[in-house]
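Subject: Structure handover

Hi,

Here is the model I promised to pass on. Have a look at it first, and my notes follow below.

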Amino acid sequence: MRLNEEKVFKDPVHGYIYVSDPLIWDLINTREMQRLRRIRQLGTSYVTYPGGEHSRFSHSLGVYEVVRQIVQAFARNAYDWPSEVNLLVMASGLLHDIGHAPFSHALEKVIGLRHEVWSERIILDPSTEVHQVLAAHSPGMAEDVAAIIGKTHPNKLAVSLVSGQLDADRLDYLMRDSIYTGVDYGKFDLARIIRVMRPHGGRIVVKRSGLHTVEAYLLARYFMYWQVYFHPVSRSAEVILKAILKRAQDLAGAGREPERTHFALTALFEGRLTMASYCALDDTVLFNAFNVWQYGPDQILADLCRRFLDRRLFTYVDAPPTDSAVYELMAGRVRAAGYDPHYYLAVDETGTVYYDYYLGAAGDLKGDSALFLWDEASQQLTEMSSLSEPIKAIAQEKQALRRLYFPEDVPAP
Ligand code: NI
C-alpha cells in the first residue's frame, strides 16, 4: 500500500527525505517519535559547537532515508537481497533510537538501563502508539522491529543494515553531526558509499573500487570522535550534568528531594520509572528542573545548575596519573576552596575503537564488525585493514581518554 501522495521532508543532510509508505508516515506521527524532537542528538555538544542543536528526530528520519536509499539501490541492481524485509528495515531504521533518554549517557547512569533496552520496551509495549501502529500493520511486526534493533533477528543481513560497521545509523549521524557542528572533516561521499555497498553471502560488503570511499568514512569517524564526541569542553558540561543528577538523587534519598518540577523526574529519582514516565522525559524536563533548582535552597544543587545553564564549566587536566595520589591531592584543594569533592571533582573516562574487527583465530570471515571488500575479477573477499595502511593504523586501537575535572578557581595539580 502506498500513500496517495508522497510526503517529503526538506533536510540539510539528504536534501529530501521521501515517505511513500503509510506505515512509515503513521510511525513518524506517533507521540513517541515526536518526543525525539525534544531530545538533542548531541547531548551537551552544543556548549562547544553552537550549531550542534539538531534533534534525535531529524537523525531518525535520516537513518530511515539512508536505509530507503540502500534498499532501492539493491533493488535497482538486482542484488541478492530479500526485498520483503524492505519495510521492516526502513521502520527499524526510523525507530532505532526511539528509547533515547535526554542527555542519554549521563541519565542512563541514574536510570541504570541503556537506551537500547527502552527502545525494545517501547516497541513491544501495547500501551505505546508506536506499538499500536506496528501491530495494526501486521501481527508480529512489532516483535520483528524490536528484534532487528536488538540484533536478535534471524536475518543478519537486515540487522547489519541498521547496526553494523557500515550501517545506516552511523552513515547518517556522522554526516549530520559534521554538517550541524560545522566540523567539515567528518564528511564523506555518502552517495558513493551507497553505490558500492552490496549484499554478499549474508553480509554487506563493499566493491573493491570503493576502498578509498570507505577509508574516508572510517577516517571521518576517527576525526569526529576527536573533534566532537570526546571534546573536553562538552565532556565538562556532561560532568556537571552528572553532578547535578547525583546531588538531586542524594537529596531525594535523604528525604530532601529538590522542588518537584515534573512527575517523570520524581519517578526517576525514586527508581520507579514506568513506560508513561519514561516517555515523558525529554530535554525540556531537565532544563526546566535546572532552571528552577538554580534558585532553590540547596547551595550545591543551585550552584551546579547555574554552572550548567550559564556555561561556567569545570577545567581539566589530561591523562592524570592513575594512582590515587593526584586525586587525593586535588580532593584536598577542592575542599580547601570550599567545594565538596563528591560533586566538584570527577575523573572522566571515555574511549572507543575506530575500526573494530575480529576475524577469529583462523582469520576466517566470521568477524561481525569487519568490513570486507569484494573483488569481482578474482571473486575474493578481503578484510579492509589488510588493503589499507591508514585503516590498519587505526584498526583495533582503543582510544582511551582520561581527564580530571574540577572548578576553575582550584589550583591545578
Ligand atoms: Ni542513532
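Bear in mind that this is a predicted model. I started with the metal: the site of the nickel ion is irregular, with angles of 79 to 165 degrees among its four donor atoms.

Which atoms hold the nickel ion? The donors are NE2 of His 59, NE2 of His 96, and an OD atom each from Asp 97 and Asp 169, at 2.1 to 2.4 Å. Along the sequence, these donor residues follow the spacing H-x36-H-D-x71-D.

Now the overall fold. The protein chain has 20 helices and nine strands. Its radius of gyration is 23 Å, close to the 22 Å from the globule rule for 413 residues, so the chain is as compact as a globular protein of that length. Along the principal axes, the C-alpha atoms fill a box of roughly 70 × 50 × 40 Å.

Of the contacts between residues at least 6 apart in sequence, 69% join residues at least 24 apart. The chain exposes about 17,900 Å², and carbon and sulfur atoms supply 50% of that.

Cheers

Methods. Residues numbered from 1 in each chain as written. Predicted model: local features only at pLDDT ≥ 70, side-chain atom pairs only at ≥ 80, totals over all residues. Heavy atoms only, no water. Donors = N, O, S within 2.8 Å, 3.2 Å for Na, K, Ca; no water. Tetrahedral: all angles 85-135°; square planar, octahedral: opposite > 155°, others 65-115°. Helix = DSSP H or I, 4+ residues; strand = E, 2+ residues; numbered from the N terminus. Rg over C-alpha atoms; globule rule 2.2 N^0.38 Å. Contact = heavy atoms within 4.5 Å. Areas by Shrake-Rupley, 256 points an atom, 1.4 Å probe, with all protein chains shown as cover.
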